[in-house]
Amino acid sequence: MLNLVKIAAQMGGMSEQLVQESKQSSARILQAQAALRAATLEQEVRSHQRNTWSQGLNFSCAEPVEPLDQVTQYQPYDLAHSVIATDGSQIAPSRHEIAYCYLINIGRVALHYGCGSYPLLDSVPEVYYLAEDLYGARQWNIQTEEWMGLKRGVSEAIALGELGEELRHGHKPKTAPMVALSDGSLVYWFLENLVPAARAQILPDLLGAWRQLQAADIPIVGYVSAPRTLEANNFLRFQVCPYPEPDCPNYCGSLTLDQAPCSRFMPVRDASLWQTILQPGEASPLWRSHARILQEYEEQQIYFCYLHVGSEVARVEMPAWTALDAEKRSQVIGIILAQVQKGYGYPVALAEAHNQAVVTSSDRRRFFGLLEQQMLQSGLSVATTAKEARKRSSIA
């Protein structure tokens, strides 16, 4: 049981620390604003530096593809359209349960506006129990729980691609635009740390689902709430670099990134800076991500902008075929604003997909209860460990 009295005694020190950090953050944001204004006047030079010295950089730096001072106003899309979304949840494997397995549940949502069609709200569960699902990734030093998370991401993408194709080539008219929303980034940073053989089990299915959506003319958009990335602000490092050229290995090779002179206003998150610039409905200029993993994305390169949705500044990510089409991008951002408006601060399709996917503690008990029945019918002995049994019958 949580002792709130003891916790309350620690809150004073935490509050003082947060106040101090807030003051430091405000000072760093002022420095970042000044760097942005200066870089706007020298954007061509800074972009040339980024492209010339990119191989030696020890940080991930995005590239602006529009003027840094370009701010675009968008309006919520109010014509007929559809929005699809998926999200996932899971029952993690436990050695204390009656069987070592895991379950992934994918919530699917299709919402139609002005189309005269009923919404789709359902979930698709799948149980993983084969040896290759449970132990196959250990050859790459990936634990079962981590592999389950990777499989969940793949399942979400596949379900989104299949749902889009089903609706586009089924009863939905092609004239009404349709957008596929993904919860979180389309840049799978975590794949950078996997060995190539493990990435080969994940990335092709993800990209294949995106191509499926592209073939159906359904833009996929990654909506990142409360983004913590520094990709855009890292571009400003070139503006404050004190050296003749941004040759990181030569001038700063012995320093950590935090010690480098270009880190004087870092870490200021991209969203924190654009929060001071954008008004509700406005979007930042478009940026191209240069995360290392994107070298394996082939034609599905990722672009992003920061969008003030009213409740927050979110990061909106799109593949090149959507982002570089001004009309399609405008339509997509308008639909996102409409979704946030309907969802009272967060896209309603993503919220509903989460609700369809979530697995409660009672769901978990029923899952293992059903599994127990199946095992008994098959003549197998069933028993949980003493630890699990004791937790279920606690006298507290």
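Predicted model: local features only at pLDDT ≥ 70, side-chain atom pairs only at ≥ 80, totals over all residues.
### Aromatic rings

A search of the whole structure finds 14 aromatic pairs. One of them joins W140 and W147, whose ring centres lie 5.7 Å apart with an angle of 50° between the planes, and this pair is tilted. W140 has a relative accessible area of 18%, which is under the 20% limit, so this residue counts as buried. W147, with a relative accessible area of 7%, is buried too. What is the arrangement of the rings of Y243 and Y251? Their centres are 4.4 Å apart and their planes meet at 5°, and because planes under 30 degrees apart count as stacked, this pair is a stacked one.

Ring pairs also link F59, F235, F238, W287, F304 and Y306 into a cluster. F304, a member of this cluster, has R315 lying over the face of its ring.

| Residue over the ring face | Aromatic residue | Distance from the ring centre |
|---|---|---|
| R315 | F304 | 3.8 Å |
| K342 | Y113 | 4.7 Å |

Strand 7, which covers residues 220-224, is mostly covered, and five of its five residues are buried. In a regular strand, the side chains alternate between the two faces of the sheet. In strand 7, I220, G222 and V224 lie on one side while V221 and Y223 lie on the other, and as all of these residues are buried, both faces of the strand are covered.

Which strands pair with strand 7, and in which sense, parallel or antiparallel? Strand 6, made up of residues 178-183, pairs with strand 7 in the parallel sense over four bridges. Strand 11, made up of residues 313-319, runs antiparallel to strand 7 and is joined to it by three bridges.

In strand 6, S182 stands opposite G222, and in strand 11 the bridge partner of G222 is E317. G222 itself is buried, on the side of strand 7 that also holds I220 and V224. R315, the residue over the face of F304, falls within the residue range of strand 11, 313-319.

How values were computed: Residues numbered from 1 in each chain as written. Heavy atoms only, no water. Phe/Tyr/Trp six-rings, centres within 6.5 Å; stacked < 30°, edge-to-face > 60°. Buried < 20%, exposed > 50% of the residue type's maximum accessible area, 1.4 Å probe, protein only. Lys NZ or Arg CZ within 6 Å of the ring centre and 35° of its normal. Helix = DSSP H or I, 4+ residues; strand = E, 2+ residues; numbered from the N terminus. Pairing = 2+ DSSP bridges.
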